[in-house]
Amino acid sequence: NMLFSFLAFALSVNVAFSVSAKSNLPTLPRPLSAFGAKGHSSTLTIRGGASTDQVINAVGYILFFTGIQGWLAPQSTLEAYGAEHVTEEDKVFVRILSSMNGVAGATLLAGESAATSVCFSGWTLASMANTPACENLAVKKGPLIGTIAVFGILSELTRQGKISSSFALKILSVLLIPMSVAEIVNPKPILDSFGVSLPTPLIKSLFRNFSFTKLSIGLYLLVGELTGKRGLGFSAAMAACVVNILKTITIKEEVGVKLPGLIVWAVLLTAAGTFTYTQAQ
């Protein structure tokens, strides 16, 4: 399968870089983790195998590039999962979801010190990229532009160090976790704001995927910060993703998608999350 092939490739690239970087030269001390002052190393390794960082980065690559692919080619992306009769509204929601997958991938690839800033920046860019697509829906431009402006300001202030990464993380945690949970429990108000008063099962599923993706990013950042262990944050994020996939599997006939692609994602993310969890113990 292409996803497993890409994972193997990404892991091999990470291993190759880590091996080539080894030398007899003195190395700089590792900075304190942005996920807390405990400074736990996130490069725990199974002997002869991959490290926590390599697994997280591999999944980051997959999410980032599948996000780009989904945004550029929403119809073929849906058709790859077995969806038929794709509408323009479906394409808009695929792009919204795919852009957030790209943000998730970029956040994972950013590492510990820059994750919060990259997440803010990525979310800002994703919102900007989706603005033209939202013209196909009855979305009010004022609140959308205001949101983009706020995200952009927070992103730049975080990047410049004008607000601390811990404070920025608190803001992100509120935006990503409780608000996403609220969307999952009651998506109707948000879908109404998109001008979709009678969403199809597919659109409901795509929007739920979007909300779960945001939730997973928030869990990655917050759990990593609270525990000082990047691997535990990643495991929490993968757990949220797998719950979403399992939910989608239970309603796949209603949504109109097929099982194989969902199974691949479930196995891949479960394996990655389990690996980093065991390594963090």
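Modeller: Helices α7 and α8 are roughly parallel to each other, because the angle between them is about 5° and angles under 35 degrees count as roughly parallel. This is a predicted model. Helix α7 covers residues 165-176, and helix α8 covers residues 178-185. Their axes lie 3 Å apart.

Now the residues that touch. From α7 come Ser173, Val174, Leu175 and Leu176. From α8 come Pro178, Met179 and Ser180. Sorted by type, the residues of this contact give 5 nonpolar and 2 polar. No charged residue takes part in the contact of α7 with α8.

Next, the setting. The protein has 13 helices and 0 strands. Read along the sequence, the pattern is therefore α-α-α-α-α-α-α-α-α-α-α-α-α. The protein has 281 residues, and 48% of them count as buried. Take contacts between residues at least 6 apart in sequence: 77% of these join residues at least 24 apart.

Serine 155 lies in helix α6, residues 141-160. Serine 155 has a relative accessible area of 7%, so it counts as buried, the limit being under 20%. Leaving out residues up to four places away in sequence, serine 155 touches Ser117, Phe120, Ser121 and Thr124. Cysteine 119 is buried too, with a relative accessible area of 1%. Cysteine 241 also counts as buried, at 15% relative accessibility. As for disulfides, the count comes to 0, with sulfur atoms required to be within 2.5 Å.

The average pLDDT of the protein is 82, and 82% of the residues score at least 70. Confidence is highest in helix α11, residues 230-250, with a mean of 96. Confidence is lowest in helix α1, residues 2-20, with a mean of 42. Over residues 1-34 the pLDDT stays under 50, and the model gives this stretch 38 contacts beyond four places in sequence. Residues 36-48 are also below 50, with 30 contacts in the model beyond near neighbours in sequence. Where pLDDT is low, the predicted coordinates should not be read in detail.

Notes
Residues numbered from 1 in each chain as written. Predicted model: local features only at pLDDT ≥ 70, side-chain atom pairs only at ≥ 80, totals over all residues. Heavy atoms only, no water. Axes fitted to C-alpha atoms, helices over the stretch in contact; angles between N-to-C directions. Helix = DSSP H or I, 4+ residues; strand = E, 2+ residues; numbered from the N terminus. Parallel < 35°, antiparallel > 145°, perpendicular 65-115°, else oblique. Contact = heavy atoms within 4.5 Å. Nonpolar A, V, L, I, M, F, W, Y, C, P; charged D, E, K, R; others polar. Buried < 20%, exposed > 50% of the residue type's maximum accessible area, 1.4 Å probe, protein only. pLDDT = per-residue confidence, 0-100.
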